[in-house]
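Please look through the sequence and the model below before reading on.

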Amino acid sequence: MSDTALTDQQIVDTDAQLLYIGNTGTVEFDLTLPTEGKNGSTVTWATSDERWIQTDGTVHMPEYGRGDRDVTLTSTLTHGDATATREFTVKVLEQANKIKVKEFFPIELDVKAGSTFELPMFAAVRTDDDRLLSQRINWDDGVEHTAGEPGEESFHGLIDGSTIDAHATVHVHTEDPQAPVDATAKVNPVSISHVRLTGDGFLARNQARRLEFLRTVDDDQMLVEFRRAAGLDTKGAPDMIGWDAPDSLLRGHTTGHYLSALALAYAASGDETIKSKLDYVVASLAEVQDAFEGKEGIHPGFLSAYSEFQFDKLQEYAPYPTIWAPYYTLHKILAGLIDAYNYAGNQTALDVASKVGDWTYDRLSKLPHEQLQNMWSMYIAGEFGGMNESLANLYALTHEPKHLAAARLFDNDRLMVPMRQHVDSLGGMHANQHIPQVIGSVKLFEATGVPYYLDQAKFFYDSVLGHHIYALGGTGQGEMFHQPDEIGNLIFDNTAESCASYNMLKLSAELYRYFPEDAKFGDYYERTTVNHIAASTDQVPEGGSLYFFQTQPGGQKSFDVENSCCHGTGLESHFYYAEGAYYTDADALYVRLYLNGTLDDEAAKLTVSVEDVKPEHVTIDVEHLAKKTLRLRVPGWSVDGKVAVSVNGEAVESIVVEAARTDSGELAFAADELGLDTFDGARIELDFEPHMHLFPTPDRPELAAVAWGPYVLAALSDETKYLDVPVDESDPDAAFVREPGTLTFTHQATGLKFVPLEQIEFEHYHAYVRVK
């Protein structure tokens with residue numbers, strides 16, 4: 001019997017089955033991808049992700065700590081007119097941990113006898129090239145333990161992927177060393193609901209533009225993916241775009257931001273149209289949550305713009321981009337619901353949020369501690385935004401214990417253990433993946449009184465402000481923290497992610513409640529609000545926001561409308577301007593930011609007048625002050641803390657002003673100290689002394705940003721190399737001349753024009769110049 005010739009289709013089908021590319025389960029080397037089949041077919045290849053496997057078989061292993069990557073290779077075989085395809089799923093392993101350790105920082109735990117505890121799964125190390133990093137520890141006897149009798153217990157492990165020893169000492173006490181302490185804040189913020197910005201200043205203009213934009217947003221479009229996921233009528237709404245598009249794994253996150261933006265906008269304006277939109281979106285999300293109930297694979301309380309698939313895959317450690325931060329998206333939705341209740345009194349929003357909190361606890365409380373730590377330490381996939389913050393906030397409203405328990409399930413050893421060791425090992429961590437977790441840490445201190453929550457948050461904040469900040473207040477390059485004091489070598493087009501500043505400001509406002517004696521909170525809040533957040537919005541009401549603030553020579557702003565993370569926070573942030581402006585304690589009203597506008601609260605009713613071009617002169621007209629004392633911030637940009645004070649047109653003697661100074665640099669006046677019976681009806685005027693000053697980078701001090709008063713300035717130039725702008729650091733004012741009535745400054749030696757970052761739209765600029 002003679003052989004029958006194979007048809008073209010049989011050739012490609014057979015060759016497809018015979019294709020072999022080696023072990024695809026643990027790939028560490030380049031692959032050999034055949035270009036010809038056994039029976040003569042031609043084979044071509046496509047890859048789902050060229051970052052890890054190229055079409056010629058070249059393999060790029062992810063860095064250690066970024067996780068393994070699953071890549072789909074698709075072969076297409078042709079012979080004649082026939083074609084066939086075959087897919088291969090390839091797991092590319094992350095690189096081995098090549099770390100060499102010079103110093104392992106001590107791990108010390110204090111626990112109560114008989115209690116259960118977990119050894120930290122991460123700790124700080126110093127490498128042989130002096131980098132500070134957080135490293136995973138594999139303990140010989142596992143993570144979970146029960147403390148014995150009072151005394152000391154020692155544990156041994158190895159740094160993950162190495163033979164480097166790790167040690168922990170556990171001090172066992174008779175009494176609980178982590179017993180709650182008094183978590184009462186020293187001062188409390190006045191809600192933005194009681195503040196109205198007025199006048200034609202840039203903050204008021206930004207807020208008005210963002211309010212105008214929110215009125216134009218199609219609410220049904222914001223809901224389309226939620227309704228589609230739940231099987232509801234989408235009401236003919238158009239698809240979302242960008243990160244919320246129908247095929248995006250992050251869809252739904254912008255709707256959460258939108259909820260918060262509407263709630264904040266209503267609080268800041270009292271606009272009833274905005275409230276109606278908010279109520280509609282909340283009611284619609286409640287319908288979605290109800291529609292999800294009972295669907296296969298969906299558990300009670302779930303709410304999202306997709307199924308529970310990504311949450312399931314995270315528990316299997318699926319990396320990004322197989323999944324994309326499902327708890328981050330959930331946080332935005334949960335935060336938006338809580339904002340809708342807190343700022344607009346929407347009870348339905350709280351009911352929906354409470355069910356989401358229940359769902360979160362019911363899912364995560366079943367998982368062992370080690371699995372949770374593995375999840376939260378994953379790059380991007382395990383990003384959870386401020387889930388701990390929102391759940392702690394939810395607990396404060398519902399008093400439901402499992403909401404607080406759920407918040408604590410998001411404790412993240414990789415970030416927090418080095419903070420408790422007081423080691424700045426932020427280098428290599430995604431900045432905005434972790435800042436919201438620290439806000440949650442403060443809220444957990446407030447809810448539990450457990451001391452380490454506040455301690456680790458304060459150390460984080462001090463580390464970022466002291467060692468990771470660009471002049472405008474932003475942090476991170478390429479979204480990542482780098483080593484402490486590395487700024488001058490990181491002047492690029494992808495610096496200072498706006499989301500990170502949004503969250504650092506929220507953290508600043510929360511921490512200030514416990515540390516009002518620390519002047520840096522007010523200075524940072526003003527600097528970042530005026531120079532980064534205010535400069536991050538387009539100057540037409542199109543809703544655009546900056547993702548990165550370019551700091552490289554000849555940078556140019558690019559406003560994003562594609563529903564990125566920074567577009568989402570940009571919807572909110574311009575209504576937060578007053579968040580850090582006013583605080584109270586039992587005796588005093590604290591004025592922290594001088595915003596042109598009014599305060600109408602039971603603590604005080606007053607008007608502040610200040611012009612953008614004259615930030616050094618502030619007028620406060622007090623209609624009523626219920627507090628005994630008025631505490632007025634003296635900005636760090638005023639020369640030597642100088643301030644002149646007048647009351648009702650009469651200068652206050654300098655000796656009285658000096659006597660009013662507090663350790664935090666504020667002025668604390670009681671009415672009688674100013675010769676008044678009461679503050680009611682008084683006009684208080686403050687005159688500060690702004691000057692030119694520099695923000696040199698710590699690693700390259702010849703590079704500096706130039707500032708005047710509260711404003712960071714940039715040189716206008718399309719040159720792409722660093723500009724030489726000589727400045728005598730002992731007298732920076734001598735190098736510049738100010739154009740009368742403006743905030744434009746001319747460098748006398750070069751003729752370069754410097755303007756505030758907020759005034760720049762599409763001009764090319766230099767945020768840093770070479771000053772020596």
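Phe 460, once its neighbours within four places in sequence are set aside, is in contact (heavy atoms within 4.5 Å) with Leu 415, Met 419, Leu 426, Ile 435, Val 438, Phe 481, Met 504 and Leu 507. Together with Tyr 327, Phe 460 has the most contacts inside the largest nonpolar core, which has 180 residues. Such a core is a set of buried Ala, Val, Leu, Ile, Met, Phe, Trp, Tyr and Cys residues joined through side-chain atoms within 4.5 Å, where buried means under 20% relative accessible area with a 1.4 Å probe, protein chains only. Helix H4 (residues 253-269) gives this core its largest share, 10 residues. Another core, of 22 residues, lies apart from it and includes Tyr 470 and Ala 714.

This is a predicted model, in which local features need pLDDT of at least 70 and side-chain atom pairs count only at pLDDT 80 or more, while totals for chains, interfaces and linings use all residues. Residues are numbered from 1 along each chain as its sequence is written, and side-chain values use heavy atoms, with hydrogens and water left out.

Helices here are DSSP runs of H or I, at least four residues, numbered from the N terminus. In helix H17 (residues 565-573), 9 of the 9 residues are buried, so the helix is largely enclosed by the rest of the structure; among them are Cys 565, His 567 and Glu 572.

Helix H10 (residues 387-398) and helix H11 (residues 401-408) pack with their axes, lines fitted to C-alpha atoms over the stretch in contact, 8 Å apart and at an angle of about 165 degrees. They are therefore roughly antiparallel to each other, a term for angles over 145 degrees.

Definitions and conventions: Axes fitted to C-alpha atoms, helices over the stretch in contact; angles between N-to-C directions. Helix = DSSP H or I, 4+ residues; strand = E, 2+ residues; numbered from the N terminus. Parallel < 35°, antiparallel > 145°, perpendicular 65-115°, else oblique. Buried < 20%, exposed > 50% of the residue type's maximum accessible area, 1.4 Å probe, protein only.
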